[in-house]
Amino acid sequence: MSSDTILEMRAITKAFFGVAAVEDVNLVVKRGEIHAICGENGAGKSTLMKVLSGVHPHGSYSGEIIFDGEPVTFGSIADSERAGIVIIHQELALSPYLSIAENLFLRHERKSKFGLIDWNRTNKEAQDLMERVGLVENPTTLVSQIGVGKQQLVEIAKALFRDVKLLILDEPTAALNDNDSEHLLNLIRNLKAQGITCIMISHKLSEIVAIADTTTVIRDGKTIETLDMRDPASTQEKLIRLMVGRDLEHRYPERESHIADEVFRVENWSVAHPTQPGRLVVNDASFNVRAGEVVGIAGLMGAGRTELAMSIFGKSYGRFLHGKIYIHGKDVQLNSVSDAINVGLAYATEDRKRYGLNLTEDVRINICAAGLPKLTSFGWINANEELKVAERYRDDMRIKTPSVLYPVSNLSGGNQQKVVLSKWLFTTPDVLILDEPTRGIDVGAKFEIYTLINQMVSEGKAVVVISSELPELLGVCDRIYTLSFGKITGQLPVSEATQENLMELMTLELEKETSNA
Amino acid sequence: MPELNPAPLGGAAKLLDTKGGGMVATIVRLLGNNLRQSGILVAFIAVSFAFSVLNKAFLSPTNLTNIILQYSYVLILAIGMLLVIVAGQIDLSVGSQLGLTGALAAVLIVRVGVPWWVAVLCALGVGLLCGAWQGFWVAVVGIPGFIVSLGGMLLFRGLTYITLNNISLTIPSTPDSQGPPYVKIANGFSKGLIGGDSFDFFTVLVFVLAGVGFAFSEWRTRVGQLRYNQEVAPLPVFITKVALVFAVVVWFGWRISQDRGLPYILIILAVFIMVYSTVTQRTAFGRHVYAIGGNLLAAQLSGIKVKWTQFWVFVNMGFMCAVAGVVYSARMSSAQPSAGNGFELDAIAACFIGGASTLGGIGRIGGAMIGGLIMAVLNNGMQLMGIQESIRQVVKGLVLLIAVAFDLVVKRRAGAK
């Protein structure tokens with residue numbers, strides 16, 4: 001059949017709990033090309049790839065997938081791998097305490113006649129595969145002892161061994177330094193020459209322009225456009241415009257800014273990765289917030305947004321290198337979360353379920369979790385007062401729950417988020433850092449969260465909103481910082497900020513600095 | 001916060017109607033909310049009833065008293081263990097700690113000749129030290145409790161052997177020694193304090209007061225819940241429940257009052273249950289234990305001092321081991337090098353049968369007590385019927401499995417809703 005088209009996805013729709021993550025998406029990939037997919041966080045790229053690779057099995061989505069001329073119905077990753085589709089995720093799926101060779105042949109162990117592992121053959125064949133991807137290492141080296149860049153090569157070698165026809169790379173260079181990235185991109189070109197088709201999801205637009213033959217832009221779960229990258233009009237600027245160019249009909253509540261004195265300032269904040277001391281995750285970041293002001297921090301995934309916030313909040317992430325924090329102009333040392341709470345700092349985490357809530361408990365206990373000392377005298381909790389507090393926030397924040405004694409796990413995402421906000425408001429903070437406050441919640445609930453943010457600043461609090469959704473930041477902030485690869489790359493008042501110039505700053509690679517650090 | 005601007009709500013704005021439905025529906029719902037706890041209570045009642053039908057001796061005053069005397073130390077261990085398990089840890093060394101502290105008390109009384117209460121205080125002190133040792137490794141160094149306490153199990157057992165020179169030590173019953181008052185901790189009774197013919201009036205009075213106290217506290221809780229507009233059981237259901245509990249409590253008191261009287265150990269146990277129910281439900285410390293077990297990262301990011309809390313949970317476990325160690329050696333009137341072998345498993349089983357989650361964050365003192373009593377009643381009932389130890393072990397193993405399987409099924413069904 002159509003020999004020049006290897007993959008066609010037709011009218012793919014996949015919904016989670018009634019919310020469509022991708023809707024009516026069409027994707028055509030030609031044989032032997034490098035096809036880039038780009039879009040904002042949450043645009044639906046990963047969902048689409050999970051549909052393709054069988055993570056979301058056939059039947060859980062609607063639409064049709066035609067691979068190599070045949071309609072396919074994958075029930076699992078194993079199915080898609082058998083057909084020749086291999087996906088390499090951002091978080092690598094290698095077993096760290098097995099050797100490179102053992103990882104390569106996992107589930108396909110090279111055996112002798114007696115069913116025992118033939119180590120000579122294993123290591124020899126591993127060596128051959130490693131040469132194909134340009135990995136210079138001993139096959140018996142443990143995977144945990146090689147860097148992320150080399151681990152990525154192991155993953156690709158593993159894919160080659162499985163006779164891959166279509167290789168999907170999800171943010172392959174996000175965690176790599178420049179040298180490793182360069183090597184990887186060359187390898188992808190090499191594979192292309194060997195006839196392997198490659199789909200690459202990336203945030204690094206410069207890479208896409210440099211390597212891709214075709215680029216499909218996805219936005220809000222829909223395919224926007226597929227560009228031929230040989231066309232000189234297909235520039236980074238055009239990609240940015242397509243990525244963000246949604247109609248701004250999201251409504252944001254009106255607010256008049258009454259900005260007063262500076263409340264919170266961070267200076268020259270640097271933090272290293274917790275286990276890789278050489279890797280700077282936050283690099284010399286400085287920013288400030290004033291009373292009554294909403295400040296945005298815009299950054300793509302992996303830019304170091306959450307790491308910045310968590311490391312400020314009582315050094316809860318990574319290895320602190322240097323930096324100062326001032327609250328109301330006073331230099332403060334925050335060595336624990338309770339220190340941070342005591343000086344009036346609050347941090348509502350990005351991943352509610354993992355970091356924000358105790359899902360085994362009810363709404364009341366979650367609301368009072370951070371401000372519990374206020375309800376406690378000599379170690380005793382005033383249970384009546386606790387209930388009163390919970391009820392008050394339930395009313396004020398319009399938390400939809402049958403009772404404050406209802407398990408918080410049964411609430412919707414938006415209401416869970418309101419519980420998290422209540423928890424922090426109860427500590428009566430001066431500064432609130434809200435990390436992706438509206439992720440995974442519906443439009444109505446988003447509006448309510450924005451209203452609450454306005455409410456907070458009208459009371460003179462200072463609010464920092466971390467988000468990768470640019471319209472959201474433009475809708476609620478007074479001032480926006482951009483963060484890229486751990487560095488603050490710019491600062492714009494909202495009046496001057498546009499999605500385009502923000503996205504440009506967010507994808508800015510300060511190469512010299514990052515590679516020397 | 002002042003009123004918010006009216007915000008546009010989605011189609012799901014209507015609150016769940018909680019007040020609807022008839023009385024039966026309400027009862028079913030309340031039971032359903034607490035299916036795990038009520039399930040275990042029903043199981044306990046069913047097992048007790050079955051044994052009372054199978055063997056008349058089961059509910060006799062002497063046997064009821066014996067159950068208390070024989071299983072009190074497991075219940076005491078289970079109280080400490082519940083906190084450990086709720087915090088998401090496990091302690092395998094409690095049997096060895098029990099052995100060590102009991103041995104120490106016995107040696108102090110028999111060989112050194114200190115007053116019995118000095119021996120008890122020393123044992124409790126050593127228990128706290130054992131707990132602090134384990135807490136240090138878990139909280140400060142960050143080794144999982146399973147490993148730390150596996151080491152502790154060997155370590156404290158070895159120390160027990162050393163303390164006793166490898167031989168068991170009998171606590172003498174000569175009237176002028178410190179033996180008799182010590183042994184009384186676990187074998188003593190209050191009897192004849194204010195008379196009574198063929199039964200001990202004081203014992204009955206204590207149980208009647210306990211029943212009244214229960215009814216009063218239930219009533220206060222209910223009034224509080226009503227004041228805060230929470231869902232409560234309909235009044236007739238509430239009265240029936242309180243009356244039933246009251247009747248069972250008074251009946252139990254009446255039964256044991258016809259035997260040797262009110263066991264001291266029951267008083268000790270009751271005090272511990274009340275204190276620890278309060279600690280877990282009403283204090284900030286208790287709340288922190290649940291928070292850590294439920295979501296460690298969220299607890300940390302809420303400003304809870306995770307290490308500090310973990311440390312004290314283990315210190316407390318050591319203390320409870322010492323209490324149980326004293327009770328056990330007093331009960332046996334001797335200290336044996338192997339005392340307490342395998343008790344950790346009884347204590348852990350009691351918590352899990354009583355509804356504690358293996359992942360931490362969930363579990364109640366009351367549940368653990370009923371869990372421990374189920375094991376006790378099963379053991380005792382089967383003993384009365386002359387069933388061999390081998391079979392009893394098989395049955396107890398199955399009960400543990402079924403209880404936890406039941407828990408999982410209930411949770412899955414709740415999750416599927």
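## Briefing: chains A and B at their interface and beyond

Between chain B and chain A, the count is one salt bridge. Welcome to this predicted model; the points below start where the two chains meet and then move to single residues. The salt bridge joins R287(B) to E386(A), with 2.5 Å between the closest N and O atoms.

**Where chain B meets chain A**

- Nine residue pairs, with both partners at pLDDT 80 or more, are in polar contact between chain B and chain A.
- On the chain B side, α10 (264-282), α11 (284-294) and α12 (296-301) each supply at least two of the residues that touch chain A.
- The most comes from α11(B), which gives six residues to that side.
- Sorted by class, the side of chain B that touches chain A holds 19 nonpolar, twelve polar and five charged residues.
- In terms of contacts, 36 residues of chain B meet 48 residues of chain A.
- Interface size is often expressed as the accessible area that is lost when the parts come together.
- Here, the area buried between chain B and chain A is about 3,600 Å², and carbon and sulfur atoms give 60% of that area.

**Chain B as a whole**

- Chain B contains 16 helices and four strands.
- Its length is 417 residues, and 47% of them count as buried.
- Looking at contacts in chain B with a separation of 6 or more, 79% are between residues 24 or more positions apart.

**A buried glutamate in chain A**

- You can find E293(A) in the loop between β12 (280-290) and β13 (294-298) of chain A.
- E293(A) has a relative accessible area of 1%, so this glutamate counts as buried, the cut-off being under 20%.
- Its side chain has a polar partner: the side chain of R479(A), at 2.8 Å.
- Leaving aside residues up to four places away in sequence, E293(A) touches I259(A), V457(A), K461(A), A462(A), V463(A), D478(A) and R479(A).

**Cysteines**

- A disulfide is a covalent bond that links the sulfur atoms of two cysteines.
- Over all chains, the disulfide count comes to zero.
- C368(A) counts as buried because its relative accessibility is 0%.
- C477(A) is buried too, with a relative accessible area of 5%.

- R398(A) sits in the loop between α13 (383-396) and α14 (413-425) of chain A.
- With 27% relative accessibility, R398(A) counts as partly exposed.
- N165(B) also has a positive phi without being a glycine, with a value near 50°.
- The loop that holds N165(B) runs between α6 (145-164) and β1 (169-170) of chain B.
- N165(B) counts as exposed because its relative accessibility is 56%, and the cut-off for exposed is over 50%.

Methods:
Residues numbered from 1 in each chain as written. Chains lettered and ligands numbered in written order. Predicted model: local features only at pLDDT ≥ 70, side-chain atom pairs only at ≥ 80, totals over all residues. Heavy atoms only, no water. Contact = heavy atoms within 4.5 Å. Buried area = accessible area lost by both parts, 1.4 Å probe. Salt bridge = Lys/Arg side-chain N within 4 Å of Asp/Glu carboxyl O. Polar contact = N/O pair within 3.5 Å; in protein donor to acceptor, adjacent residues only side chain to side chain. Nonpolar A, V, L, I, M, F, W, Y, C, P; charged D, E, K, R; others polar. Disulfide = S-S within 2.5 Å. Buried < 20%, exposed > 50% of the residue type's maximum accessible area, 1.4 Å probe, protein only.
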